[in-house]
Amino acid sequence: MSMSFNLAWRLFRHEARRGELTIILLAIVLSVGAVLSLSLFSERLQGALKSRSAAFIAADAQLRSDKPIDETWFDKARDEGLSTAKQVTTRSMAFNGDEMTSVDLRAVNTTYPLKGKVNITDQPFGEKQAANLLPEPGHVWVQSRLFQTLGLAIGDAIEIGDGIFVVSKVLVDIPDAGFSIFSTDPIVLMNLDDLDKTAVTGPGSRVRYVGFFAGEPDVVENFNNWLLPQLNDDLHSWRTIEDDESAIGASVARAERYFLLASLLAIVLAAVSIAVAAQRYAQRHFDPVAIMKTLGATAKTIRKIYLIQILLITALGISIGLVIGFIGQQIVVQLVADSVDVTLDVWHWRPVIIAVATGATCALLFSLYPLLQLFSVPPLRVLRKDISASMRSKSIQFIASGGAIFFLMWMYSQDLKISAILFFSGAVLVAGLLGATFLLIAVGRRLGSGSMGPWQLAWARIKRRAMDNSVQLISFSVTIMLLLVVLVMRNDMVSQWRSQLPEGTPNYFLINITPDIKPSLDRHFKDNGITINEFYPVIRGRFVSVNGEGVNTEVSKEDDANREGRRGLGREANLTWSNVLQKENEVVEGIWHGTANANYSEGRFPVSVEAEVAKRLEIKLNDMLTFNVGSEIVETKVTSIRKVNWQTMQPNFFFVIHPEAMASFKPTFITSFHLPTEQKSELTALLKPFGSITMFDVDARINQLREIVDQVSVAVEFILVLVLLAGTLVLVAQVQASMDERRQEIAILRTLGAKGALIRQSVIFEFVIIGSVAGFMAALANELSLYMLQTSVFKMKASLHFEYWAIAPTVGAIVVGLLGAMGCWRLLTLNTSQMLRKMV
Amino acid sequence: MIKANSVIKVVDTSEGSLQILRPISFEVKSGESIAIIGASGSGKSTLLGLLAGLDEVTEGEIFLDGEALHTMNEEQRAILRGQKVGFIFQSFMLVQSLTALENVMLPAEIAGLNNPKALAMDILENVGLKHRAHHFPNQLSGGEQQRVAIARAFITSPKILFADEPTGNLDAKNSDKIESLLFEMNKEKGTTLVLVTHDNTLAEHCDRQLTMNAGELVETTKTQAQETKEAV
């Protein structure tokens, strides 16, 4: 062992010092550095985004239940080290003398909220401030609107159920208030100990019990795994920020997938560069192996020497890579610290482990085939230079490299689908490229004949080095494709995020607009230079039957578990009517009743049902739905099912009925408008003439949402830059590796008297040809991967990107050509005898 | 020391099998030096590769110091080479990333000899390159590289030395130096020498010349040197 180690160490030391290991070392450093910086940065960013997003559910996870939550579950969570909080929610009536209104009652214990803040103020519509405590027993905090509706002042008492409470603060918002514009009732926050006094949670009432849990992600997950078998799907639902279907939840989930994708691609890039470098490394060692074998070294000795050397190289590469990766991400974090809230105080081990595992796996598995080749070099090579490795089968290489990439992707992402998609499109690309290479060679055979100009020389070289070039073409294409995927994905994602909240998104909603004040309101706003969006007529109606079969109109905790008959909405629905399909609504089944060819008969008016609610209530196309509006019955027939984008800030409806059906009803209207935040102070004056109208202020929510989207976008851009950088370095490594092989040929051409310009141009043309073909192939493969990624991973609309079909080959030709020119320029600065000497 | 009986070498090519060596038989005595000469492509290097155990015979027998080379696998041949054989090549075949000293140490380390560094230094001194011990091959001239190669070949005191065109890459002056060094050390160590060469002067220095033509051993002649030796 010591002889092998001594020899390996000696070779390693000298080769490292002489720069012979630079390329393979650089590849490992690059892979470890890129993976570490990307995953460390994204882990930190995700941590920051998650804790921010967690505020919107007031915890890391929520357990919602229609029955009281088993106390032992909270005990178990606390035993595991999680913090817990409780909330009981119900709708009830609040009274102040003769005035009464429906309220959204939230009774919470003292640990609430685990994440985010409860905001309060001393005056209705006053400046908010974070509350450190919660309402004391006997006290409640209520939202500004309730002060309007019930004519309250601070210190007044209100009745809720059987209890009487002092209103001690104005509640501005609670973290988990939700985004629904139709959660129309003002929130009343009370101490959980007071809930029994109200007696509002008795039989027949609709109560939701919420358990909040917060702690380390793996502890939360373990707790969830423990809890899962005990949950009843009909009663319980477990929610984390990832399950959040709001715009924030979706953005964060998508951003996470993007980071994951970017990191996976960094791994693949690293793997490609290591594969190139390992191949080169092995080829350089054919002679030393033949010499050592000739001098009596056995196969076992050779194996030991080179395995030790690869381990030494890997260890050095990983160490340098870790340092560079850490410094790199630290620089990025410093750069974005102003615009992105990144947690700096937590050290994450996962990225370090991933980076080390990536470097080691790539270095060892990608060196496997080149090393096996190296071991098989016969000693006879000392007499006959043309004899190289005796291994001919490339299948080991494909299996080892493909397997390594897939294994790394799968291990890292824990997501078979995203790994399979990337892997499959990569495989298709490789197959396509092999075909393209042979086509190229066939074309080149024609173009390459004739007098010896730089183009002819370039083609002749491509033709002659068919196999080497196909490997190079494949690695260039894979690199360019991965860069394209990351770039296009980022563009599509950021633009779709931004389109959710374009400038001028309504930030205030008005409800309870009666038909008689609608015209004056419209005029008043116009006079003040504020554009009011569409007015939607709304009427409250009870959904009572499907095809004559009655549905449960109330859901209480008693009948919930043993429900009989069809499931109903469990509350009154907001019905609207229109012939115009709303924005971001898409008919997925049937025909929209506003279109000319849609007709109806039998006195049943068409209704369009939202897809999710249709699924939940088992409503199908052509079902007959009956609504009870006041004392009237409205008979309808389902003519279309709509998919609704709930992430838009606009009123959305479960049921949209044909206007004729509702002609006899007197609706109220709902509308929205945009008012810049800085003009907020004008609101009170603006609404003064319309006392009966209720206003919802979602400005703060929209700003918060926009801030998150902006932060995520900035972060995504930095990750894009990192991946671009990694990709460029890979290209440089590839060109450098191939330059090494070209040295001999250039030396011969120089010796034969070829001018520097001819050699330089021919090399540049060769790289231009390879770069443009690689770019084109990458653009094609990019479309395939993006289609699969967008439709099945990111749940986005897939789109074609024709511009890249031109951009990719052009940029590929320019960048690869330039890199070729740079590499070639270095070789041409050496004089011929220096080059010839290096060949020996 | 070396015995070849009806050695045949056939290789597979894309156009079918090609017989490179016709049945060849000869014997080399211990301490004898022979030169294999002939035109390019006559099979000289192939024969050298077979005799040195770098390649396998298709048919026939080769005995090296009494050991049946033709029955051994590559591992066994490697061990035998390490113990009994030294090599010198036309293109020097030094490991580029090792210094002159380390190149010379290499066979001694592989063979597990004690104190390979001291041995290597001694022998480098013998070839006049002690002062260049820590230089890498690309920092040495062709003649110096071949002297390092000679030092490497002799460090394990092999019983047999194979040399493939040892002066082929050198100018006349360096050729002479290498030639005299090679024969001096050969004489000093009592090594059996088999060399392939185009260089008549070099061939004349050997005891016998085997002439190859199209894969056949056509002539075995005593050299003048040998005749003089015998006359004395």
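1. The entry point for this note is a residue pair in chain B: B:I36 has B:V196, in β8(B), as its bridge partner.

2. Strand β3 (residues 33-38) of chain B and strand β8 (residues 192-196) of chain B run parallel and are joined by 4 bridges. In general, the strands of a sheet pair through backbone hydrogen bonds, either parallel or antiparallel.

3. Helix α1 (residues 44-51) of chain B packs on the sheet and touches β3, β7 (160-164), β8 and β9 (208-213) of chain B. The direction of this helix makes about 150° with that of β8(B). Helix α5 (residues 142-154) of chain B also packs on the sheet; it touches β6 and β7 of chain B, and its direction makes about 175° with that of β6(B).

4. The sheet as a whole is open and is formed by 6 strands of chain B, in the order β6-β7-β8-β3-β9-β10, with mixed pairing. At its edges stand β6 (85-88) and β10 (216-222) of chain B; each has a single partner strand, so one side of each is left without a neighbour in the sheet. Direction ignored, neighbouring strands of the sheet are turned by 20° against each other on average.

5. Next, the contact between the chains. Chain A brings 25 residues to it and chain B brings 26 residues. On the side of chain A that touches chain B, the elements giving two or more residues are α1 (2-17), α8 (286-294) and α9 (299-336) of chain A. Of the elements, α1(A) gives the most, with 6 residues. By type, the residues on this side of chain A divide into 14 nonpolar, 5 polar and 6 charged.

6. Chain A itself has 840 residues, of which 43% are buried. It holds 22 helices and 22 strands. Among the contacts in chain A with a separation of 6 or more, 82% are between residues 24 or more positions apart.

7. A remark on confidence in chain A. The mean pLDDT of chain A is 79, and 86% of its residues reach 70 or more. Over residues 554-564 of chain A, however, the pLDDT is below 50. Beyond near neighbours in sequence, this stretch has 18 contacts in the model. Where pLDDT is low, the predicted coordinates should not be read in detail.

Note on methods:
Residues numbered from 1 in each chain as written. Chains lettered and ligands numbered in written order. Predicted model: local features only at pLDDT ≥ 70, side-chain atom pairs only at ≥ 80, totals over all residues. pLDDT = per-residue confidence, 0-100. Contact = placed C-beta atoms within 7 Å. Pairing = 2+ DSSP bridges. Axes fitted to C-alpha atoms, helices over the stretch in contact; angles between N-to-C directions. Nonpolar A, V, L, I, M, F, W, Y, C, P; charged D, E, K, R; others polar. Buried ≥ 20, exposed ≤ 12 C-beta atoms within 10 Å, placed from the backbone.
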